[in-house]
Amino acid sequence: QVQLVESGGGLVQAGGSLRLSCAVSGRTFSLYNMGWFRQAPGKERELVAAINWSGGRRDYADSVKGRFTISRDNAKNTVYLQMNSLRPEDTAVYYCAADPTRLASYEYWGQGTQVTVSS
């Protein structure tokens with residue numbers, strides 16, 4: 001059973017920064033593509049950033065390009081989301097997810113961590 005545990009959320013003022021972490025159990029983390037999603041109240045869940053198994057490819061939603069950075073440490077079974085220049089519209093519950101088939105099919109999900117950006 002693969003388990004994902006996010007941490008690092010909180011309350012921050014606009015313009016501030018947060019770093020989210022997602023620790024993943026299991027021996028095959030280094031084979032998974034990983035993603036960070038978010039869902040704001042009344043909105044659909046959206047993919048914010050994704051990283052492939054090696055870290056050699058990263059993709060971002062247009063709304064966060066240049067402000068957010070996804071990274072991973074396969075030795076620590078952890079994926080990160082560095083969020084800079086935060087805006088009130090970034091307020092959401094953030095989830096990490098694992099794509100073991102590398103076909104953009106996210107099968108394992110964390111419980112989510114709240115990020116609130118005040119204006």
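**View 1. The salt bridge between E46 and R38 in a predicted model.** E46 and R38 form a salt bridge, a side-chain nitrogen of Lys or Arg within 4 Å of a carboxyl oxygen of Asp or Glu, and their closest N and O atoms are 2.6 Å apart. The model is predicted, so local features need pLDDT of at least 70 and side-chain atom pairs count only at pLDDT 80 or more, while totals for chains, interfaces and linings use all residues. Residues are numbered from 1 along each chain as its sequence is written, and side-chain values use heavy atoms, with hydrogens and water left out. E46 is partly exposed at 30% relative accessibility, whereas R38 is buried at 7%; buried means under 20% relative accessible area, exposed over 50%, and partly exposed in between (1.4 Å probe, protein chains only).

**View 2. R38 and D90, and the network around them.** R38 also meets D90 in a salt bridge, 2.9 Å from N to O. Because R38 lies in strand β4 (residues 33-39) and D90 in the loop between β8 and β9, the pair ties together parts that are 52 residues apart in sequence. Strands are DSSP runs (E, at least two residues), numbered from the N terminus. Both R38 and D90 are buried. R38, E46, R67 and D90 are linked in a network of salt bridges.

**View 3. The salt bridge between D59 and R57.** In this pair, the closest N and O atoms are 3.0 Å apart. D59 is partly exposed, at 35% relative accessibility, and R57 is exposed, with a relative accessible area of 53%. The count of salt bridges in the model comes to five.

**View 4. The open sheet of four strands.** The strand order is β1-β3-β8-β7, with antiparallel pairing; two strands pair if DSSP finds at least two bridges between them. The edge strands, β1 (4-7) and β7 (68-73), each pair on one side only. Strand β3 (residues 18-24) is joined to β8 (residues 78-83) by six bridges, and six bridges also join β7 to β8. Y80 in β8 is the bridge partner of S21 and of S71.

**View 5. Strand β7 and its hairpin with β8.** Four residues lie between the strands of the hairpin, where N77 takes a positive phi near 55°.

**View 6. E6, a buried residue without a salt bridge.** E6 lies in strand β1. The nearest side chain of opposite charge, R45, is 9.4 Å away; Lys and Arg count as positive and Asp and Glu as negative, while His and the chain ends are not counted. The side chain of E6 reaches the backbone nitrogen of C96 at 2.9 Å and that of G112 at 2.9 Å. Contacts of E6 (heavy atoms within 4.5 Å) include S21, W36 and Y95, not counting residues up to four places away in sequence.

**View 7. R102 in the loop between β9 (92-99) and β10 (108-109).** R102 is partly exposed, with a relative accessible area of 37%. A polar atom of its side chain lies 2.8 Å from the backbone oxygen of L31. R102 touches L31, N33 and W53, not counting residues up to four places away in sequence. R102 and N33 are 69 residues apart in sequence and 5.6 Å apart in space, C-alpha to C-alpha.

Notes: A polar contact is a pair of N or O atoms within 3.5 Å; within protein, one must be able to donate a hydrogen and the other to accept it, and residues adjacent in sequence count only if both atoms are side-chain atoms.
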